[in-house]
Amino acid sequence: AGGELGSTAAMSTTAMRFFQWGMPIMSTLFMSFWPALLQLGFFTTSVMALTQARLFKQTWFRNFWNIHPLPPKDSPTIEMESRSGYKGMVIPTTAREVPQQPEVSQGGVFGNARSKFKATVSDLQERGQKFVQSNMEQNTGKTASRRSAAEVNEAKRYDEKRRKEIQQAKMHNSGRKHTRR
């Protein structure tokens, strides 16, 4: 809700005047020699952003798109100074409660990362060893076949039959070429 409502409460009047008058004047001076299409792009983007900001403040627009309504201006706020040790300027918020920080284990952030890294490394080592072992078995022919002996024999017979058919087709085609000449 902070971005939608703006932060004018925390901004001094001098800063507000600078952003209202100084920035547009400086932007005009700096961009006066830039290509026209780039300036048109900046202008179009600015108009669209202004339109979007106005639309998001409208109740009917928020209802149409099922966006949570803006809090009323007189809604109760949490006094953050009582819960924080921060002594600077604290901006009141419309939040109902302050979210709790997630608990970190005894190892801390780096301890958790280190343990996850070690687990990943050991997993990779294990997978690598299995991969190397399976490749060695395949190369030496010691691997356990997924097919039964009958299936392996059937596959060998089919391969032999197919090779003979291909060889006969080549011989037949080469004979045709010689007869055409």
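This is a predicted model: local features need pLDDT of at least 70, side-chain atom pairs count only at pLDDT 80 or more; totals for chains, interfaces and linings use all residues.
A helix here is a DSSP run of H or I that is at least four residues long, and helices are numbered from the N terminus. Arg157 is exposed, because its relative accessible area is 51% and the cut-off for exposed is over 50%. Glu154, at 47%, is partly exposed.

Next, the overall picture. The protein chain has 6 helices and 0 strands, so the pattern along the sequence is simply α-α-α-α-α-α. Of its 181 residues, 4% are buried. The chain exposes about 17,100 Å², and carbon and sulfur atoms supply 59% of that. Among contacts with a separation of 6 or more, 16% come from residues 24 or more positions apart.

Back to salt bridges. How many does the structure hold? There are 4. Besides the one I began with, two of them are in helix 5, residues 108–140. Asp123 and Arg127 are 4 residues apart in that helix, and their side chains meet at 3.5 Å, N to O. Asp123 is partly exposed at 32% relative accessible area, while Arg127 is exposed at 56%. Glu126 and Lys130 also both lie in helix 5, 4 residues apart, about one turn of the helix. The closest N and O atoms of Glu126 and Lys130 are 3.5 Å apart. Glu126 is partly exposed at 43%, and Lys130 is exposed at 52%.

Now the aromatic residues. A pair of aromatic rings is described by the distance of the centres and the angle of the planes. A search of the whole structure finds 6 aromatic pairs. In one of them, Trp60 and Phe61 have ring centres 5.9 Å apart and planes at 90°, so the pair is edge-to-face. Is Phe61 buried or exposed? Phe61 is buried, with a relative accessible area of 14%, whereas Trp60 is exposed at 55%. Phe64 and Trp65 are another edge-to-face pair, with centres 5.0 Å apart and planes at 90°. Both of these residues, Phe64 and Trp65, are exposed.

Last, the surface. Phe18, Phe19, Met23, Met26 and Phe30 form a nonpolar patch, with about 500 Å² of accessible area together. Met23 sits in helix 2, residues 13–31, and is partly exposed at 32% relative accessibility.

How values were computed
Residues are numbered from 1 along each chain as its sequence is written. Side-chain values use heavy atoms; hydrogens and water are left out. Helices (H or I, at least four residues) and strands (E, at least two) are DSSP runs, numbered from the N terminus. Buried means under 20% relative accessible area, exposed over 50%, partly exposed in between (1.4 Å probe, protein chains only). Contact means heavy atoms within 4.5 Å. Accessible areas come from the Shrake-Rupley method with a 1.4 Å probe; for residues, only the protein chains shown count as cover. Patches are made of residues with over 30% relative accessible area and no salt bridge: like charges are joined within 9 Å, nonpolar side chains (Val, Leu, Ile, Met, Phe, Trp, Tyr) within 5 Å. Rings of Phe, Tyr and Trp (its six-membered ring) pair if their centres lie within 6.5 Å; planes under 30 degrees apart count as stacked, over 60 as edge-to-face and the rest as tilted.
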